[in-house]
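Here's a quick briefing to read with the model open beside you.

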Amino acid sequence: MDLQALSHFDLVAAHGGFGRAARVSGRSKATLSRRVAELEESLGVRLIERGAQNLRLTEEGRALHERTHGLLSEIAEAGEAVVLGASTPRGRLRVSAPVVFAHVALPRIGVRFALACPEVQLEIVAEDRKVDPVEDGYDLIIRIDPSLDERLVGRRFLNDERLIVAPPGMPRPAPSLDGEEATVKAVLLSATPPGTLWRIKSGTEADIVLRPDPVLRLSSLLMVRDAVLSGAGAALLPKLLVAEDIEAGRLAYWGTLAGPPVEIWALQSSRRLVGAKVRAFLEVVGRAFPEKAFVAPPG
């Protein structure tokens, strides 16, 4: 059996179609289709039923995929293990990151990495959906406050905070001695639940509890930030997104939301070994946030 043709069939079967397998692997749909057809011819059975809108594995195709998928993964990992000690990172590196973090931090990190590792073809995808590094073909995924997942391993590389910011001319509510809420005109994310309150961390003075009265609801943090810059109202936004605007005086800082910090993690499949290209990328990320050096995960 041709192992290369088998690996092409495994890609198509794992990702549910030629188009998605082509996007994940970087191979053309024509190549994948041809190699799967060659495998079918060599085995003398139909492995895939090709419909106009979708693709379905035959009974023989399903049986072949179930018996060989794990073996192919082990062969790939064995090959990776051989080259792990290579001093020069090379190959394709796919990274998934949340939209805001990708737009704010990853362009400059990507440039630094590309200059430092010219033999790596880096692809960064900005998306807020929950992805699976194996199924979606990512070497590394960046997540904000990720839930525990035994299939993923990684490290926290940055703590962020949520800040209440407003247009510079907007009056800041005064502290209330009895903890009474102050209502403020606000720009909220569309998913913000009714009755949300903002409690600002207190130092020596009494807590300030704000009840946001939405004048706008928007679907992305980038849109919310732009609306506040235009004077629409106050908002709760990541420090990473608004720090430069506060420093430049474009936004007024009202306080930091009470509660634990926001954790940003770099994660990968627990089944995969950490290769030279992933290590090199994490080193560039670490140097981009020197005051927030990598911290080992708890426990």
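Four residues of helix α7 (residues 221-229) are buried: Val224, Arg225, Ala227 and Val228. They sit on the same side of α7, because the arc they cover around the axis is only 160 degrees. Keep in mind that this is a predicted model.

**Around helix α7**
- So what covers the buried residues of α7? The cover includes the strands β7 (162-166), β8 (182-189), β10 (208-218) and β11 (235-238), along with helix α8 (239-247).
- Have a look just past the end of α7 as well: glycine 231 has a positive phi there, at about 95 degrees.

**Salt bridges**
- As background, side chains of opposite charge can pair when their charged atoms come close.
- How many salt bridges does a search of the whole structure find? The count is 19, and a few of them are picked out below.
- Glutamate 119 pairs with arginine 90 through their side chains, at 3.3 Å from N to O. This pair links distant parts of the chain, 29 residues apart. Glutamate 119 is in the loop between α6 (106-116) and β4 (120-126), while arginine 90 is in the loop between α4 (59-83) and β3 (91-97).
- Both partners of that pair are partly exposed: glutamate 119 has a relative accessibility of 40%, and arginine 90 comes in at 47%.
- Glutamate 127 and arginine 129 also meet in a salt bridge, with an N to O distance of 2.9 Å. Here the glutamate and the arginine fall into separate classes: glutamate 127 counts as buried because its relative accessibility is 13%, under the 20% cut-off, whereas arginine 129, at 45%, is partly exposed.
- Glutamate 263 has arginine 156 as a salt-bridge partner, and their closest N and O atoms are 3.6 Å apart. Glutamate 263 belongs to strand β13 (residues 262-269) and arginine 156 to strand β6 (residues 152-160), so this pair ties together parts that are 107 residues apart in sequence.

- Which residues make the nonpolar surface patch of about 260 Å²? Met1, Leu43 and Val45 do.
- To find valine 45, go to the loop between α3 (29-43) and β1 (48-50).
- Valine 45 has a relative accessible area of 32%, so it is partly exposed.

**The chain as a whole**
- On the secondary-structure side, the protein chain has nine helices and 13 strands.
- The protein chain is 299 residues long, and 40% of these residues count as buried.
- Take the contacts in the protein chain with a separation of 6 or more: 75% of them are between residues 24 or more positions apart.
- The accessible surface of the protein chain is about 16,300 Å². Carbon and sulfur atoms account for 53% of that surface.

Conventions. Residues are numbered from 1 along each chain as its sequence is written. This is a predicted model: local features need pLDDT of at least 70, side-chain atom pairs count only at pLDDT 80 or more; totals for chains, interfaces and linings use all residues. Side-chain values use heavy atoms; hydrogens and water are left out. Patches are made of residues with over 30% relative accessible area and no salt bridge: like charges are joined within 9 Å, nonpolar side chains (Val, Leu, Ile, Met, Phe, Trp, Tyr) within 5 Å. Accessible areas come from the Shrake-Rupley method with a 1.4 Å probe; for residues, only the protein chains shown count as cover. A salt bridge is a side-chain nitrogen of Lys or Arg within 4 Å of a carboxyl oxygen of Asp or Glu. Helices (H or I, at least four residues) and strands (E, at least two) are DSSP runs, numbered from the N terminus. Buried means under 20% relative accessible area, exposed over 50%, partly exposed in between (1.4 Å probe, protein chains only). The arc is that of the directions from the helix axis to the C-beta atoms. Contact means heavy atoms within 4.5 Å.
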